[in-house]
Amino acid sequence: MPIESERAVTQAVLRAVEQSADARHAELVGALVRHLHEFIRETRLSEQELEFAFDFLNRIGQATNDSHNEAALFSDALGASTLVCLLNNGDGAATETASALLGPFWRLNAPELENGASLLRSPTPGTPLLMRGSVQDDTGKPIAGVRVDVWQASPVGLYENQDAEQAEMNLRGVFSTDADGRFHFESVRPAGYPVPMHGPTGDMLRKQNRQSYRPAHLHFLLFRNGFKTLITQVFPGDDPHLDDDPVFGVTANLIGNYTTENAGTEQERCVLDYRFTMQPGEARLPVPPIK
Ligand SMILES: [Fe+2]
């Protein structure tokens with residue numbers, strides 16, 4: 001039947017989508033069509049603006065390569081990644097969770113390291129860091145044998161895949177919790193860093209007069225059969241960008257207890273103690289955003 005009005009377009013598309021034999025596909029795309037059409041009506045989207053949107057989406061793909069995931073960054077900068085994280089983790093009773101967004105920099109196959117080892121694989125100037133973690137279940141019982149995947153930016157604010165000065169897999173490693181559910185490692189204190197600004201996400205942040213620096217953090221991915229994979233980040237409480245993180249990753253649960261030993265001396269060292277709680281559930285590794 002010919003489409004008789006702008007209202008009829010939406011119904012025609014929804015009827016087409018509903019022909020899918022995949023019920024979840026029909027639900028997702030149907031909702032997307034309803035909201036997209038409503039967005040177009042609400043904003044009275046112009047033809048030029050639609051052309052801009054085509055170009056913007058195409059540029060997301062063009063900016064993506066093996067070491068950069070612009071789609072993940074765009075989702076992060078819109079708060080979509082954090083919203084999905086908050087909806088799918090925690091008990092649903094609060095907005096806070098022990099989880100945080102994965103971000104665009106996790107790599108599979110980081111080196112497996114002994115407890116206490118260093119994440120440094122090439123000279124990395126910065127304040128030494130000792131991180132001591134413990135992992136427990138929701139009854140407080142330690143969990144042994146958890147694979148703890150750690151990654152962080154260097155003190156100059158770059159992950160090794162962004163920085164020719166750093167060795168392959170520098171500041172990345174995988175540890176395993178001992179019988180007491182503990183692990184520890186040495187590294188350098190992480191620094192805040194600007195999210196990559198060279199692509200369309202950077203254009204959007206500039207257009208909105210948003211600052212680009214993430215607060216300093218360590219990333220963790222905790223994996224063990226029988227438990228829901230815990231993906232999170234831990235931030236120092238004194239970082240100036242806790243309140244304007246461009247990817248909205250900071251919840252109060254994720255402020256870590258960073259202390260400084262021997263401040264002002266050659267032996268100055270930062271120590272972070274943090275306790276992770278894993279929920280029962282499915283152990284599943286995410287698709288790595290970069291290679
Ligand atoms: Fe990060």
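**Notes on the two-domain model**

1. The C-alpha centres of domain 1 and domain 2 sit 39 Å apart. Domain 1 covers 1–45 and domain 2 covers 70–278, with bounds that come from an automatic or database domain assignment. Bear in mind that this is a predicted model: local features need pLDDT of at least 70, side-chain atom pairs count only at pLDDT 80 or more, and totals for chains, interfaces and linings use all residues. Residues are numbered from 1 along each chain as its sequence is written.

2. Some overall figures. The C-alpha trace of the protein chain spans about 75 × 40 × 30 Å along its principal axes. There are 6 helices and 10 strands, taken as DSSP runs (helices H or I, at least four residues; strands E, at least two) and numbered from the N terminus. Of the 291 residues, 29% count as buried; here buried is 20 or more other C-beta atoms within 10 Å of a residue's own, exposed is 12 or fewer, and partly exposed is in between, with C-beta atoms placed from the backbone. Of the contacts between residues at least 6 apart in sequence, 70% join residues at least 24 apart; a contact needs C-beta atoms, placed from the backbone, within 7 Å.

3. On to H1 and H2. Helix H1 (residues 6–17) packs against helix H2 (residues 23–43) at an angle of about 170°, their axes 9 Å apart. Axes are lines fitted to C-alpha atoms, for helices over the stretch in contact, and angles run from 0 to 180 degrees between N-to-C directions. The two are therefore roughly antiparallel (over 145 degrees; under 35 is roughly parallel, 65 to 115 roughly perpendicular, the rest oblique). From H1, Thr 10, Val 13, Leu 14 and Val 17 meet Ala 26, Val 29, Gly 30, Val 33, Arg 34 and His 37 of H2. By class that is 6 nonpolar, 3 polar and 1 charged, where Ala, Val, Leu, Ile, Met, Phe, Trp, Tyr, Cys and Pro are nonpolar, Asp, Glu, Lys and Arg charged, and the others, Gly among them, polar.

4. H4 and helix H6 (residues 200–207) make another pair: their axes come within 9 Å and cross at roughly 25°. That makes H4 roughly parallel to H6. Glu 70, Leu 73, Phe 74 and Ala 77 of H4 make the contact with Pro 200, Thr 201, Met 204 and Leu 205 of H6.

5. Have a look at Ser 75 too, which lies in helix H4 (residues 70–77). Ser 75 counts as buried because 20 other C-beta atoms lie within 10 Å. Leaving out residues up to four places away in sequence, Ser 75 touches Ala 80 and Ser 81.

6. Now the sheet: 8 strands form an open, mixed sheet ordered E3-E2-E7-E8-E9-E10-E1-E4. Strand E3 (172–176) and strand E4 (182–188) stand at the edges with a single partner strand each, so one side of each has no neighbour in the sheet. Pairing requires at least two DSSP bridges between strands. Strand E9 (residues 255–261) runs antiparallel to strand E10 (residues 269–278), joined by 5 bridges; Tyr 258 has Leu 272 in E10 as its bridge partner.

7. Strand E1 (residues 128–137) pairs with E4 in the antiparallel sense over 7 bridges, and Leu 129 stands opposite Ser 187 in E4.

Methods
Contact = placed C-beta atoms within 7 Å.
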